[in-house]
Amino acid sequence: MADILRRGHGGQLDHLGIGVPDTEDWAGRFETMTGATVHVGEPEPDQFYWSASLPISADSYIELVGPNPDYRGDLPNFEYLKQLTQPSIDFWYIATDDIDGLAIEAEAVGGLIENVDWVNRGGLEPRRSGYGRAILGPGWIPQRPCIIQWDHQVSRHGDAAPECAIASFELFHPTAAESNRLLEDLGIEARLSPGPSRFRLVLDTPNGELVFDNPGFDAPG
């Protein structure tokens, strides 16, 4: 049976993605807003996005996801990031120790693990993390968690202690009841509330509470 991993903050959230139009610019703005250090990594080769991160425990983080300036493709998600004017919570992940096993369990209860994509599996590039990622279907509902299995994880933050913590994270969607049955069957603790597609995050920071509240992104990232 696949396990859903619990993280250092006590919950199952592995990381949470906030879309921004410019990674470096918004990393600086987040540092000003939070009073905490944001860690900007190198863009992943051939990916449309460029990430920065704000740790919320030793093994979980908030990921700022902006467009990779070196990307030359035409993916809709790249254009989506470029047109943002404010930060937007777009997705969140839980981690499992067995993405294939979880796929079998999901199918048995009417769900699907879809769009499985492995990156740097086997650690061929040892300075980069390796992982498999997927969405929890059927279909894309942004408030349902995406799934990650870390093959090996290179710390984004070194030994830096987390300076921020999630005070609350709320998920809203018209199909909440159906999604909640799937989440419960798979041992995922999060629950959606009925209502228009929306995220609401309250973050405890050195500068006080910071609130994000936005509609859900209607295509997978």
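Searching the whole structure turns up zero disulfides (pairs of cysteine sulfur atoms within 2.5 Å). This is a predicted model, in which local features need pLDDT of at least 70, side-chain atom pairs count only at pLDDT 80 or more, and totals for chains, interfaces and linings use all residues. Residues are numbered from 1 along each chain as its sequence is written, and side-chain values use heavy atoms, with hydrogens and water left out.

**Cysteines**
- Cys 146 counts as buried, with 4% relative accessibility (buried means under 20% relative accessible area, exposed over 50%, partly exposed in between, with a 1.4 Å probe and protein chains only).
- Cys 164 is also buried, at 3%.

**Nonpolar cores**
- The largest nonpolar core has 40 residues, and Ile 18, Trp 92, Ile 113 and Leu 136 touch the most other members (a core is a set of buried Ala, Val, Leu, Ile, Met, Phe, Trp, Tyr and Cys residues joined through side-chain atoms within 4.5 Å).
- Apart from this core lies another, of 20 residues, including Tyr 71, Phe 78, Ala 95 and Trp 140.
- Beyond neighbours within four places in sequence, the contacts of Leu 136 include Ile 113, Arg 144, Leu 182 and Ile 188 (contact means heavy atoms within 4.5 Å).

**Sheet S9-S10-S11**
- Three strands form an open antiparallel sheet in the order S9-S10-S11 (strands are DSSP runs of E, at least two residues, numbered from the N terminus; two strands pair if DSSP finds at least two bridges between them).
- S9 (165-172) and S11 (208-215) are the edge strands, each with a single partner, so one side of each has no neighbour in the sheet.
- Seven antiparallel bridges pair S9 with S10 (residues 198-205).
- Ser 168 has Val 202 in S10 as its bridge partner.

Methods
Helices (H or I, at least four residues) and strands (E, at least two) are DSSP runs, numbered from the N terminus.
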